Amino acid sequence: MPGSKAWVKSLGQKPGSKAGVKSLGQSPGGKSRGQRPGSKAWVKSPGSKAKVKGLGLLVIKCHAYQSQRTWFQTQYKGFIYVNLFYKLYNLIQMKKVLITGSSGLVGKAIQNILPDKEQYIFITSKDADLTDMSETKRLFEKYKPTHVIHLAACVGGLYKNMNNKVEMLEQNLLMNFNIVKCAHDYKVEKLIACLSTCIFPDKTTYPINEEMLHDGPPHNSNDCYAYAKRMLEIQCNAYRENYGDNFICVIPTNIYGPYDNFNLEDGHVIPSLIHKCYLAKKEGKPFIVRGTGKPLRQFIYSEDLGKLILWVLENTNERSLILSVDKEDEVTIEHMARLIAKEFDYENNLFFDASFSDGQYKKTADNSKLMSLYNDFDFIAHEEGIKKTVKWFTNNYETARK
Ligand SMILES: NC(=O)c1ccc[n+]([C@@H]2O[C@H](COP(=O)([O-])OP(=O)(O)OC[C@H]3O[C@@H](n4cnc5c(N)ncnc54)[C@H](OP(=O)(O)O)[C@@H]3O)[C@@H](O)[C@H]2O)c1
């Protein structure tokens, strides 16, 4: 019957295809249905009466075949039109997702995992300087996005945060303000903005959850980055409360992966250590890690985070959501440094220099809200993530950000 599973399946077969002809050939007449006049069975049929009867049956069968085929073809054409209409409808309904910060660690990861990129607009600082309101407006006017994933930020590790406080504060305040305001003014249906667990209070109880962001000042080492990001959350909530805007803040822990910033001074701990170990091995020098190696962190591989952000885009409208591995998967910097050294086959040359600052001792984050919504998400093991990142860095040494 049209509409039944079998019917839908048979529509997948072209009318002229073997399977299509075969199914049409199976008439109540059984085997002889496929035998043509002139075939052995036809010549053999006894007497003229039988021949006429046979001919009559054949005509009826041919007619049935013809009408079936015509009906089938009409339906088939109908399905083509329905398909076309469906495609057109999808095109009209289609999300236009603007992703800022597309050249960065997370932006690249999202690009790499997307099977189909036609709905996405990937933005870097070459397309618009998001600290400039008129350039940001121009971007929204040009693309008219229905959804925005805002990743662009002035990002860095401990030393960049300590040495560039004004830049970290001003660049991030401006970028975030412009994006959120434009998302509202241009009636974006959903905005996903990116915070970080490192902006939470320095002195707090652990594990931290989504509700504890403003419970105390951040660590002095990254206070400017942290306050700028906290204002992003305040602004998103204000629009949510006053205008009902679907503005969501996701809160990742420490991220690592291909396309990171591997700069020795400005980069985050994992990419900096990868670069350091690469150079140490190349120059036959010790691989020295700054600090004691004792601080604890929850690391997330960039593609895992990319998958989770795309899942948020489709599946939840929570006001804020920590995106992290379990708190049981928190590891020391030393653990990750050993994994890196192992990947370079340089384990016996690893040393720690305790004269350098450790930064915040831990920032343990609670991912139970995420797990309550998506409990079967499969995080990649650190061994695998480090292996992939080291391989990418080694293969792309010349062009990697460093
Ligand atoms: N990395 C982490 O460990 C971590 C942890 C938690 C949260 N986060 C958050 O996750 C998000 C993504 O971080 P990420 O590590 O992918 O950053 P990233 O690798 O440093 O990339 C930063 C991106 O922002 C863009 N950008 C910077 N200034 C811009 C400007 N004025 N105008 C337009 N675009 C600008 C850069 O574009 P160009 O390449 O063209 O300069 C780049 O695409 C950020 O919001 C960050 O705060 C990161």
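## Two crossing helices

Helix H6 passes helix H8 in a right-handed crossing. A crossing is called right-handed if the near helix is turned clockwise from the far one by less than a right angle, and left-handed if anticlockwise. The axes of H6 (residues 133-143) and H8 (residues 165-185) come within 10 Å and cross at roughly 35°. Axes here are lines fitted to C-alpha atoms, for helices over the stretch in contact, and angles run from 0 to 180 degrees between N-to-C directions. From H6, the residues that make the contact are Met133, Thr136, Lys137 and Phe140, while H8 supplies Asn178, Ile179 and Cys182. Two residues are in contact if their C-beta atoms, placed from the backbone, lie within 7 Å. Sorted by class, this contact of H6 with H8 has four nonpolar, two polar and one charged residues. The nonpolar class is Ala, Val, Leu, Ile, Met, Phe, Trp, Tyr, Cys and Pro, the charged class is Asp, Glu, Lys and Arg, and the others, Gly among them, count as polar.

## The model and the chain

The structure is a predicted model, in which local features need pLDDT of at least 70 and side-chain atom pairs count only at pLDDT 80 or more, while totals for chains, interfaces and linings use all residues. Residues are numbered from 1 along each chain as its sequence is written.

The protein chain holds 14 helices and 12 strands. Helices (H or I, at least four residues) and strands (E, at least two) are DSSP runs, numbered from the N terminus. Of its 402 residues, 35% count as buried. Buried means that 20 or more other C-beta atoms lie within 10 Å of the residue's own; with 12 or fewer it is exposed, and in between partly exposed, with C-beta atoms placed from the backbone. Among contacts between residues at least 6 apart in sequence, 76% join residues at least 24 apart.

## The six-stranded sheet

Six strands form an open sheet in the order E2-E1-E3-E4-E5-E10, with parallel pairing. Strand E2 (120-122) and strand E10 (320-323) are at the edges with a single partner strand each, so one side of each is left without a neighbour in the sheet. On average, neighbouring strands of this sheet are turned by 20° against each other, direction ignored. Two strands pair if DSSP finds at least two bridges between them.

Pro252 has Leu323 in E10 as its bridge partner.

## Around the ligand

Which residues are closest to the ligand? They are Gly101, Gly104, Ser125, Ala153 and Ser196, out of 27 residues that surround the ligand. Helix H5 (105-113) and strand E6 (254-256) are the elements that give two or more residues to this shell, and H5 gives the most, with three. By class, the shell has 12 nonpolar, 13 polar and two charged residues.

## Single residues

Met168 is in helix H8 and is buried, as 25 other C-beta atoms lie within 10 Å. Leaving aside neighbours within four places in sequence, Met168 is in contact with Cys154, Asn161, Cys224, Tyr225 and Ala228. Met168 and Cys224 are 56 residues apart in sequence, with their C-alpha atoms 5.9 Å apart in space. Phe377 lies in the loop between helix H13 (368-373) and helix H14 (382-395). With 15 C-beta neighbours inside 10 Å, Phe377 counts as partly exposed.

Most residues other than glycine have a negative phi, and most peptide bonds are trans. Lys144, in the loop between H6 and strand E3 (147-150), has a positive phi near 45°. Lys144 is partly exposed, with 13 other C-beta atoms within 10 Å. Tyr259 has a positive phi near 70° and is found in the loop between E6 and helix H10 (269-283). Is Tyr259 buried or exposed? Tyr259 is buried, with 22 other C-beta atoms within 10 Å. A cis peptide bond, with omega about 0°, joins Tyr206 and Pro207. Pro207 lies in the loop between strand E4 (190-194) and helix H9 (223-243).

How values were computed:
A residue is near a molecule or strand if its C-beta atom, placed from the backbone, lies within 6 Å of it.
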